[in-house]
Amino acid sequence: MQSPLQAQVVQWLVSPGANVRPGDVLVILEAMKMEHEIRASQAGCVGETFYQAGETVAEGDVLCSLMAVADAASSPVVAAASKTASVPGQDRADLQKLQARLAFTQDAARPEAIAKRHALGLRTARENIADLCDEGSFVEYGALAVAAQSRRRSADDLMRNTPADGMVTGIGCINGQRVVVMAYDFTVLAGTQGMRNHQKTDRMLGIALHHQLPVVLFAEGGGGRPGDVDVAIVAGLNLATFASFARLNGRVPVVGVVAGRCFAGNAALLGCADVIIATQDSNIGMGGPAMVEGGGLGVFKPEQIGPSEVQHGNGVIDVLVENETQAVAQARHYLSFFQGSTPSWQAPPAEAMRHVVPENRLRVYDTRAAMQGMTDEGSLLHLRTGFGIGIHTALARIAGRPVGLMANNPLHLGGAIDADAADKAARFMQLCNAHGLPLVSLVDTPGFMVGPDTEATAQVRHVSRLFVAAAHLRVPLLSVVLRKGYGLGAMAMTGGGFHETLATVAWPTGEFGGMGLEGAVRLGYRKELEALPEGPEREALFERLLAQQYDNGSAINMAATLEIDAVIDPAQTREWLVAGLEAGRVKPSDGRLAIDTW
């Protein structure tokens, strides 16, 4: 056995006569203050050793003789070594020290805090992450951090009571694809934003942006933490976290999840998310009770500030669920739409689509039935259901392909588009556009809502967002007119005009005009109608003129004059949409595809 370098013998680990196997350490040499293990190259029996501890050897010097044996591996010495090596490093002090330190970061190290959390019907940050990520896929960043409070607390106290500085961060898999996950831990300093968890957040946000990874943020917490005194600061406003989080907008999918209370800085990050999923017991606000009282605005309990029913109704919450289990499931479902097509799906019965729109043109119906009937079973995820109810928005799949769907709602204002509905639809178009999802628009609207009360809501500005959002689309837009396709409202639902889409088709129930037919008749034939006295005769003329307008603006006539591309059997809607999705192309991003927070 030769020395591979000039060195000094430190220690022999075997004696003459010992049987060894390949890879067993024979002797330790030291050179340049570093120790080198010299291992057996083959099985054998150690013969004479030629150098003792403390002696110097040159490169190539023979250290010992190694004689081949017939069955060295079966010898007691080798068998014992093999058994000892079955768990490499199990007795290492450094590994034991690490494992002991990491144990303090786990929920089991703080049973009282965890029991209190569970008594409220809530889960811990680590429980939510374990449920969110594919089993065994989460790798944690910054687990050993503690609060920056060493000037006022002992190291042992910080280790035991401020694990991970109140925020668990890392990268895991969701549906087999890597995602950045960050979760404020409410059991640690009320999930507040400390100096080190800001540093951890910044690190993860940089990774997400550079590697184009989606982000999921569990945002429960109380905002800024004034108790971190290890760094001399005055206001602490020179943080990069909020700008870094906002920089992800339009570049990667960002999901915010809230259960419990989310105030101040935590809420500011949450508000930057593409979609907010919250539980019914949640409270979201830009200031908690202390901040409200400090501003002289009154004394309130936490549950009085931004309760879920308020934040769902005003559009802050996109998906409202009962509990954290459902919130995590919806987060996984949402992200799946940005992870490509699925190879298998189940189509709903096509014939049912023929019965969605009543034959009576004045009878209301639910356009969500049409959305359900043209998408893969179990795929539909409605967004922002409590706000802008004049338009439904949802993500879904059609033949396995992810798409965005929006549909007018005849159950609200007859399908007329008001300011809230326009805001909701415009932002939804931005969302799909930023992340490359084709859009399907289901049209049944008499146009934009009008009237003095409506104009007081800044209707002119709000509804025009639809035209601006559509003008910047890089994704295919397919539109299906289910019944009413009138005026500027119908144009806004079809990208700004019926030929701005990849395809505009109508069901046989489709009816069209520059404005609502009743209004068009009363305005266009005012003289003829006023020439007759009020009563049955005038009403009969109105009905005849209305029938003429309806016939003239029928879907078949629109297709005959090429104002729309086709009239289709409702049962063939999926076939048309699949063809369009296969033909359409998503243009490359120009890097400026922002999604309005509103």
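Reader: Why is D185 called buried?

Author: In this predicted model, D185 has a relative accessible area of 5%, and because buried means under 20%, D185 is called buried.

Reader: What makes R110 and D185 a salt bridge?

Author: The closest N and O atoms of R110 and D185 are 3.5 Å apart, and a salt bridge asks for a side-chain nitrogen of Lys or Arg within 4 Å of a carboxyl oxygen of Asp or Glu, so the pair qualifies. R110, at 8% relative accessibility, counts as buried.

Reader: Where do R465 and D423 lie, and what does their pair tie together?

Author: The side chains of R465 and D423 meet in a salt bridge at 3.0 Å, N to O. R465 belongs to helix α15 (residues 459-471) and D423 to helix α13, so parts that are 42 residues apart in sequence are tied together by this pair.

Reader: How do you know whether D423 is buried or exposed?

Author: The relative accessibility of D423 is 2%, and since the limit for buried is under 20%, D423 counts as buried. Leaving out residues up to four places away in sequence, D423 touches R384, H462, R465 and W598.

Reader: Which words describe R21 and D24, buried or partly exposed, and why?

Author: R21 and D24 meet through their side chains in a salt bridge of 3.3 Å, N to O. Partly exposed lies between the under 20% of buried and the over 50% of exposed, so R21, at 25% relative accessibility, counts as partly exposed, whereas D24, with a relative accessible area of 15%, is buried.

Reader: Why is L189 called partly exposed?

Author: L189 has a relative accessible area of 30%, and because buried means under 20% and exposed over 50%, L189 is partly exposed. L189 is found in the loop between β10 (177-184) and α6 (195-211), and, its neighbours within four places in sequence left aside, L189 is in contact with A147, Q149, R153, T162 and R225.

Reader: What makes L144 a member of a nonpolar patch on the surface?

Author: A patch takes residues with over 30% relative accessible area and no salt bridge, and joins nonpolar side chains within 5 Å. L144 is partly exposed with a relative accessible area of 41%, so L144 passes the area limit. The patch consists of L95, L98, L102 and L144, which together have about 290 Å² of accessible area.

Reader: How do you know that the buried residues of α21 are on the same side?

Author: In helix α21 (residues 573-583), the buried residues are T573, R574, L577, G580 and L581. They cover an arc of only 130° around the axis, which puts them on the same side of α21. On the other side of α21, E575 and A583 are exposed.

Reader: Why are β4 and β6 called edge strands?

Author: Four strands form an open sheet in the order β4-β3-β1-β6, with antiparallel pairing. The strands β4 (34-39) and β6 (56-57) each pair on one side only, and they are the edge strands.

Reader: What makes β1 and β3 a pair?

Author: Strands pair if there are at least two bridges between them, and β1 (residues 7-12) and β3 (residues 25-31) have four bridges in the antiparallel sense, so they count as paired.

Key:
Residues numbered from 1 in each chain as written. Predicted model: local features only at pLDDT ≥ 70, side-chain atom pairs only at ≥ 80, totals over all residues. Heavy atoms only, no water. Buried < 20%, exposed > 50% of the residue type's maximum accessible area, 1.4 Å probe, protein only. Helix = DSSP H or I, 4+ residues; strand = E, 2+ residues; numbered from the N terminus. Arc of directions from axis to C-beta. Contact = heavy atoms within 4.5 Å. Patch = residues over 30% accessible without salt bridge, like charges linked within 9 Å, V, L, I, M, F, W, Y side chains within 5 Å. Areas by Shrake-Rupley, 256 points an atom, 1.4 Å probe, with all protein chains shown as cover.
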